[in-house]
Amino acid sequence: MRAGAESSLRKIWDILMPFVVYFIAHDMAQVLLAFLVGLSLGMGEDYAAYVTAHAQTVSGIMNALSLVIGMAFVWPMAKREFCYAETRKEASPSQNVEYKRKMITAYGLLALFAITLALGSNLLLLLTGVTGSSTAYSDVAARQYGVSFVVGAVIYGIISPVAEEIVFRGLIYNRMKRYFGRILSIIVCGILFGVYHGNLVQGIYGTILGIAITFAYEWYASFTAPVLFHGLANVSVFSISYRQEWMSAMATAPNCAILLIISLISLFFIIRIRKQEGLNPFSLYNN
C-alpha cells in the first residue's frame, strides 16, 4: 500500500474510531439491558403487566441508558479533544458587562434559530410528502412518540443531545477539521449525522441540522452552543409531534414559510453579533 493511501486511511480511522467505539458500546448495552429486562419479567405478574403496558417508555429508558454508556466509553477521548480545542481557540473579547449582555442576546438568537429551523424543516418534509413516503421513519416515530412525554423530553432534550454532540462535534468534527479544514468538515460531519439516523426523513433532516449545529459550534466557540441547539431542536419537534393533531394543525405552507424565514433572520443577526465582536464567522473559510 502506498504511503499516501495508508496515511489517508489512518486519518479516516482516527476520525471514525470514536464513533465505532460508541456504536459498539451503545448496541452491546442495549442487548444487555434488553436481556436484563426480560429476566426481570419473572418478578411477578403485576410487574410484567406494567412493563408490557409501558413497553415504549421502557424501551426509551433502555435507549437512554445505552446512550449514557456509549458516551462514557468515548468520554476520555472527547475530554482530550476539548482540551486541544481550548488551546487553539481564538482570543475572545474582554468579559465585560456589555460583552456578556451581547452573548445572552446571541444565545437567545441561537435558541430561536434552532427551534424555527427544526420545526420549519420538519414541516417542509411533511408538506412535500417525504415524511409519508418512509416506512422506516414511521417505525422510528412510533417508538419515539410512544414514550411518556416527560421521559421523552429528558431523553431527547438532554441525554441524546449531550451524547451525540460529544461524538459528532466533540470528536468527529474536531478531529476531521485538523485534517481536512473547516468547511469540508462541517459539511461531511453534517452528512454523517444524517446518515447515522438510518432513514430518509431523519437523514435529510439530520443533515440540515447537523450542518447548522456544527456552524454554531464554530461561531460560538463553545460546546454549550451545539448541545443547546440540538436539545431545543429535539424538544420543539418532539413537543409538537407528540400528538398527531398538533402537528396536523401546524402543517401549513404559510407556517412552514414563516418558521424558515424567522430562522434565516435569526441567522442574520447571529452573524451580525459575531462580526460586531470582531470574531468574523466567515474567517473559517480561510482555514
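1. A word on burial to start: buried means under 20% relative accessible area, exposed over 50%, and partly exposed in between, with a 1.4 Å probe and protein chains only. Tyr196, at 25% relative accessibility, therefore counts as partly exposed, whereas Phe193, at 3%, counts as buried.

2. Please keep in mind that this is a predicted model, where local features need pLDDT of at least 70, side-chain atom pairs count only at pLDDT 80 or more, and totals for chains, interfaces and linings use all residues. Residues are numbered from 1 along each chain as its sequence is written, and side-chain values use heavy atoms, with hydrogens and water left out.

3. Now the rings. Rings of Phe, Tyr and Trp (its six-membered ring) pair if their centres lie within 6.5 Å; planes under 30 degrees apart count as stacked, over 60 as edge-to-face and the rest as tilted. The count by this rule is 20 aromatic pairs. One of them is the tilted pair of Phe82 and Phe223, 4.8 Å centre to centre with 55 degrees between the planes. This pair links distant parts of the chain, 141 residues apart: Phe82 is in helix α3 (residues 55-88) and Phe223 in the loop between α8 (200-220) and α9. Helices here are DSSP runs (H or I, at least four residues), numbered from the N terminus. Phe82 counts as buried because its relative accessibility is 17%.

4. Ring pairs also join Phe19, Phe23, Phe168, Phe193 and Tyr196 into a cluster. The charged end of Arg169 sits over the ring of Phe193, 4.8 Å from its centre (the rule asks for NZ of Lys or CZ of Arg within 6 Å of the ring centre and within 35 degrees of the ring normal).

Key
Helices (H or I, at least four residues) and strands (E, at least two) are DSSP runs, numbered from the N terminus.
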